[in-house]
Amino acid sequence: MATAEHTSSSSLPVRQHRPAGWGTVMAAMFLALLAAFGRSPPVAMAAADSSPELIELTLLTGAKEKGAVCLDGSPPGYHFQRGFGSGSHSWIVFLQGGAWCSNNTTQTCSQRKMTSNGSSKLMEAITFDGIFSDQQPQNPDFYNWNKVFVRYCDGASFSGDAEGEAQDGTKLFFRGSRIWDAVVDELMGKGMDTAKQALLAGCSAGGLATLVHCDNFRARFPQEVPVKCLPDGGFFLDIKDLSGERHMRSMFSGVVQLQNVSKVLPKDCLAKKDPTECFFPAELVKSISTPTFIVNSEYDSWQIANVVAPDGSYPGDTWSNCRANIQNCSSKQIDVLHGFRREFIRDLKVAEGERGWGLFIDSCFTHCQTQSSDRWHSPTSPRLGNQTVAEAVGDWYFGRRRVVKQIDCKYPCNPTCSSQ
């Protein structure tokens, strides 16, 4: 049964490298097509695709003394790009995704500590794209903000606080909550303490971490400072898979128990439910008071492949093609996916009714949409209400529209999903 998400390259905000002049050629072709049909371009485009800057890894100062370490005991790290101009006092802190150490045994964590998702010794410099881009046409509202991409190396959505033993007898450190505290403390010392506005965001397991730590992040700033949260692809459902098993509940139960996650979960939820249930977004959102914008697909490709129809979950598995691409799904399989959509929208009801919250829930077969320009803000980006994710998030964050809550119709109704 699959338990690991695409953890390395796809959870990093890396801009694809293309031949010189590619951006100019594509822009010219796109604008010519629009002119032929008498339409104006929906998104401003850069004249050329400049080579992206490599953002080096910064290791956390004094991490070992604080016990804020990766699975293998190495110091955690982050990538930091200073803001400029009007954005020099605005901050985005983004939490990387990459699944979990999901069993009650330490086997998956033992394997994980030998990757960049468990050791800073294996982390390298990256390039920024999407919500991280410093190019205004690609990122109109946040291009000049201070941007911090926090690397994920604890295996429990920055939430655990325990120790274990790897298969080779060495120690495993489950210190996600300490990493969270230490990183925020260090950023405060680098100027975030004087922020005039701030946004906590994250993708996938980092999106879940964004929900877990949202109110804690808000509490770090004076009340007059606008602080909001943006979980992307992090709304995981507690549902039965094709075999009738609750795969995600089993996985989350292993995470919560192994890594002592309950310490950071909402006390009002823990008073009524067990810690595993309180780790699910449908329960977490009930306790969050900070304005939050949920970006997610109602046909989340990772959840379809790992929660609804995990590989090998039942005899005679016929889902491999459907897991790979929704266009390959049979009509019966599509019916199952529509059922997932119904559960998803039902779980979102609490957030939908929250004043000051926002939603961008499209019907594209995708997972995480803020980290690449192709999905965040480009001529081929998914749209709801004729808006890209970037435009919807910007309108919500800056209050340019009173309500920014969009839930898409059923697949395959949205033609802007076709390029994803």
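These legends go with an overall view and a few close-ups of a predicted model.

Figure 1. Start by getting your bearings: the chain has 15 helices and 13 strands. It runs to 420 residues, and 57% of them count as buried. As for disulfides, the count is eight, and the next views pick out some of them.

**Figure 2. The disulfide between C101 and C109.** Here the two sulfurs sit 2.3 Å from each other. That falls within the 2.5 Å cut-off, so the pair counts as a disulfide. Are these two cysteines buried or exposed? Both C101 and C109 are buried.

**Figure 3. The disulfide between C269 and C278.** Zoom in on this link and you'll find an S to S distance of 2.1 Å. C269 and C278 are both buried.

**Figure 4. The disulfide between C322 and C329.** In this close-up, C322 and C329 are joined with 2.0 Å from S to S. Why is this disulfide called right-handed? Because the torsion about the S-S bond of C322 and C329 is about 85 degrees. As for burial, C322 is buried and C329 is too.

Key. Residues numbered from 1 in each chain as written. Predicted model: local features only at pLDDT ≥ 70, side-chain atom pairs only at ≥ 80, totals over all residues. Heavy atoms only, no water. Buried < 20%, exposed > 50% of the residue type's maximum accessible area, 1.4 Å probe, protein only. Helix = DSSP H or I, 4+ residues; strand = E, 2+ residues; numbered from the N terminus.
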